[in-house]
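Here is a short briefing on one protein chain. Look over the sequence and the model before reading on.

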Amino acid sequence: TLKMLVCICLSGIAMALLRNNGIYVILPTLIASGIYLKNVERKRILTSLAIVFVVYELVVKAIYPAMGIGKTSIAETIGFMFQATARYVQEYPDEVTDYEKEVLIQNFQHMDTFQNYDPRIVDPVKIYYNHTDFGSYVKIWLNMFLKHPTVYVESYLNSSYGYMAPVSTDIGAYVMLSEYDPYLKDLGISHIDNGNLNYIAVWLWHLSTGLPVLKYLASPGLYTWLSLIALWLFAKNKRSVGVILLIPNIINILVCTASPLADAMRYALPAVAVMPLIIGWLYLLQTPKQDI
């Protein structure tokens, strides 16, 4: 129906504009839905796909620049590459050639930048990237990978372990009573003094990450495994529509593994939010004569 088309378009546009990398979630989902559906429904899905893409491109490439809003730095997307480089430089400093040093200095200001390497956080290295010669950087990045591929694997696992296994807890909110980092204060960011509400928020923080069972609900890795289990069950029962519904979750998890933090719940929140619905669908799957 027209109403459903409008709902899909509005939700798709909202996802693309309000969630960083949201466009890479909605487009594959709509494409897969178009392949699955037939006749009129397929036409509606493909129409919504075109509308979402056109509106997104119009806003990002025309409206935002007109408002003085710049593009997101590519460093936000490829930080995992910088992590691998930093780990390589630290573990094999004698194997970094003069040419490789020259390219790295051009792109990261100086070699000392890579001494800031933190296995769990991308920012200490990422913030120094200046886009001077990305093409040459990619070439040496690949060359280093061919020489010591395990360094890259280790770097990736260290910077994404929290999304791969329920071994770390986080509630994804900055509610602690201590002061913000100095650079945040310089931006004018400060805690709002809500009296006892601040203490209640901190108390809930500690409860959610400390109680024996509840703490696992605050673990991003839990929702990765729940998504994979759901994907397996839908595929096993030949429920293609269920697999399509899980596309946003899978893409969100993949994006999380390339995110700046190794275990931040706020990056995994889309997968967390829909998990009760996915579990409900799995329940219906086990109910006889349910068309889902």
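This is a predicted model: local features need pLDDT of at least 70, side-chain atom pairs count only at pLDDT 80 or more; totals for chains, interfaces and linings use all residues.

The side chain of Arg87 makes a polar contact with the side chain of Tyr117, at 2.9 Å. The points below start with Arg87 and then turn to the chain.

**Where Arg87 sits**
- Arg87 belongs to helix α4, which covers residues 79-91.
- Is Arg87 buried or exposed? Its relative accessible area is 14%, and a residue under 20% counts as buried, so Arg87 is buried.

**What Arg87 touches**
- A polar contact also links the side chain of Arg87 to the side chain of Glu154, at 3.5 Å.
- Which residues are in contact with Arg87 once its neighbours within four places in sequence are left aside? They are Tyr117, Val151, Glu154, Ser155 and Asn158.
- Tyr152 lies 65 residues away from Arg87 along the chain, yet the C-alpha atoms of the two are separated by 7.8 Å.

**The chain as a whole**
- The secondary structure consists of 15 helices and zero strands.
- The chain has 292 residues, and 35% of them count as buried; Arg87 is one of the buried residues.
- Taking contacts between residues at least 6 apart in sequence, 69% join residues at least 24 apart.
- The accessible surface of the chain is about 17,100 Å². Carbon and sulfur atoms account for 65% of that surface.

Note on methods
Residues are numbered from 1 along each chain as its sequence is written. Side-chain values use heavy atoms; hydrogens and water are left out. Helices (H or I, at least four residues) and strands (E, at least two) are DSSP runs, numbered from the N terminus. Buried means under 20% relative accessible area, exposed over 50%, partly exposed in between (1.4 Å probe, protein chains only). Contact means heavy atoms within 4.5 Å. Accessible areas come from the Shrake-Rupley method with a 1.4 Å probe; for residues, only the protein chains shown count as cover. A polar contact is a pair of N or O atoms within 3.5 Å; within protein, one must be able to donate a hydrogen and the other to accept it, and residues adjacent in sequence count only if both atoms are side-chain atoms.
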